[in-house]
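Please read it alongside the structure shown below.

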Amino acid sequence: MNITVQTPSQPTTQSSDDLYDQGTSELTSFEELMLHAMEDTYGTTTSHPYGGSGPQVQLAQTVSLPSSSHNFVARASGVTSDISSRLARTARLDNAATVPAANHRCTTESNLPMHLYRDFKLSFTFERYTYCFQCCLPQSRHGNGEEPACHAGFSYRTGEKCPFAGFIFKAVFCMWHNEVFRNLMIKELGEGAPLDIYDNFLRWIVLDSPDPGRYHNLVEVFLWLCSAVEKVKPKFFN
């Protein structure tokens, strides 16, 4: 007796992009509710956890998952990856901010155009409960745990000054005016943008990163600067 097994018409390989982009109408109402809650809290993922051009996994034809399960896993994986990335950055910010004040000094030349600093600082605006308007450290919006522990005791009462006020702003401002640091930053973070022109840099630095796993551009540049310093002085933040 011959037994004929019908071959599935759908391809046996599928990229993560395909899984991610399937319509949400195939999700159960409970899965949809969970994903919306996660994305409202941590931000909607605009990048996939794996690029579509990466290696594909060959699945046996006898094993399959409902498309709604693929969709849920792909979206949830992206959100979880973004959360982990931001929390890792929070830990680095906490470590850098708690270094003794004596180590918080600019390593650039002394002839800085400080008359430009006030306008630089005033160029930044933040949505409420996202970043401290005095220092730009992230806040724990919706209890997401993104606020560094060193900043958690700040109450934002009228007249109270943040203990880290101006620190990140000044560090990044001074960094850009150092040619060596500026060129390295542009090479590693600029993505081809002409950030060697101050007005272009100013328009870029005031924006949130388009990557949901990253913070505001100002914070990201500060973290990059900390990493650059650590390459020269590995124990600088210990």
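Contact means that heavy atoms lie within 4.5 Å of each other. The model is predicted, so local features need pLDDT of at least 70 and side-chain atom pairs count only at pLDDT 80 or more, whereas totals for chains, interfaces and linings use all residues. Residues are numbered from 1 along each chain as its sequence is written, and side-chain values use heavy atoms, with hydrogens and water left out.

**Overall fold**

- The chain has eight helices and zero strands, where helices (H or I, at least four residues) and strands (E, at least two) are DSSP runs numbered from the N terminus.
- In sequence order, the elements read α-α-α-α-α-α-α-α.
- Of the 238 residues in the chain, 40% are buried; buried means under 20% relative accessible area, exposed over 50%, and partly exposed in between (1.4 Å probe, protein chains only).
- Considering contacts between residues at least 6 apart in sequence, 71% join residues at least 24 apart.

**Helix 5 against helix 8**

- Helix 5 (residues 167-176) and helix 8 (residues 217-232) have axes that come within 10 Å and cross at roughly 70 degrees. Axes are lines fitted to C-alpha atoms, for helices over the stretch in contact, and angles run from 0 to 180 degrees between N-to-C directions.
- Helix 5 and helix 8 are therefore roughly perpendicular to each other. Angles under 35 degrees count as roughly parallel, over 145 as roughly antiparallel, 65 to 115 as roughly perpendicular and the rest as oblique.
- The crossing of these two helices is left-handed, that is, the near helix is turned anticlockwise from the far one by less than a right angle.
- Helix 5 contributes Phe167, Ile168, Phe169, Ala171, Val172 and Met175 to the contact, and helix 8 contributes Leu218, Val221, Phe222, Trp224 and Leu225.

**Helix 7**

- Helix 7 (residues 198-205) has six of its eight residues buried, so it is largely enclosed by the rest of the structure.
- Those buried residues are Tyr198, Asn200, Phe201, Leu202, Trp204 and Ile205.
- They pack against helix 4 (117-122), helix 5, helix 6 (179-189) and helix 8.

- Thr90 belongs to helix 3 (residues 67-97) and is buried, with a relative accessible area of 6%.
- The side chain of Thr90 makes a polar contact with the side chain of Tyr215 at 2.6 Å. A polar contact is a pair of N or O atoms within 3.5 Å; within protein, one must be able to donate a hydrogen and the other to accept it, and residues adjacent in sequence count only if both atoms are side-chain atoms.
- Beyond neighbours within four places in sequence, Thr90 is in contact with Pro138, Gly145, Glu146, Glu147, Pro148 and Tyr215.
- Gly213 lies in the loop between helix 7 and helix 8 and counts as buried at 3% relative accessibility.
- Not counting residues up to four places away in sequence, Gly213 touches Asp82, Ser85, Arg86 and Arg89.
- Gly213 and Ser85 are 128 residues apart along the chain, yet their C-alpha atoms are separated by 5.3 Å.

**The loop between helix 4 and helix 5**

- His151 is found in this loop and is buried, at 0% relative accessibility.
- Apart from neighbours within four places in sequence, His151 is in contact with Cys132, Cys135, Leu137, Tyr156, Cys162 and Phe164.
- His151 and Thr98 are 53 residues apart in sequence and 9.6 Å apart in space, C-alpha to C-alpha.
- Phe133, also located in this loop, is exposed, with a relative accessible area of 52%.
- Leaving out neighbours within four places in sequence, Phe133 is in contact with Lys121, Phe126, Tyr156 and Phe169.
- Tyr129 of this loop has a positive phi near 65 degrees, in a residue other than glycine, and is partly exposed, at 49% relative accessible area.
- Cys136 of this loop also is not a glycine and has a positive phi of about 75 degrees; Cys136 is buried, with a relative accessible area of 0%.
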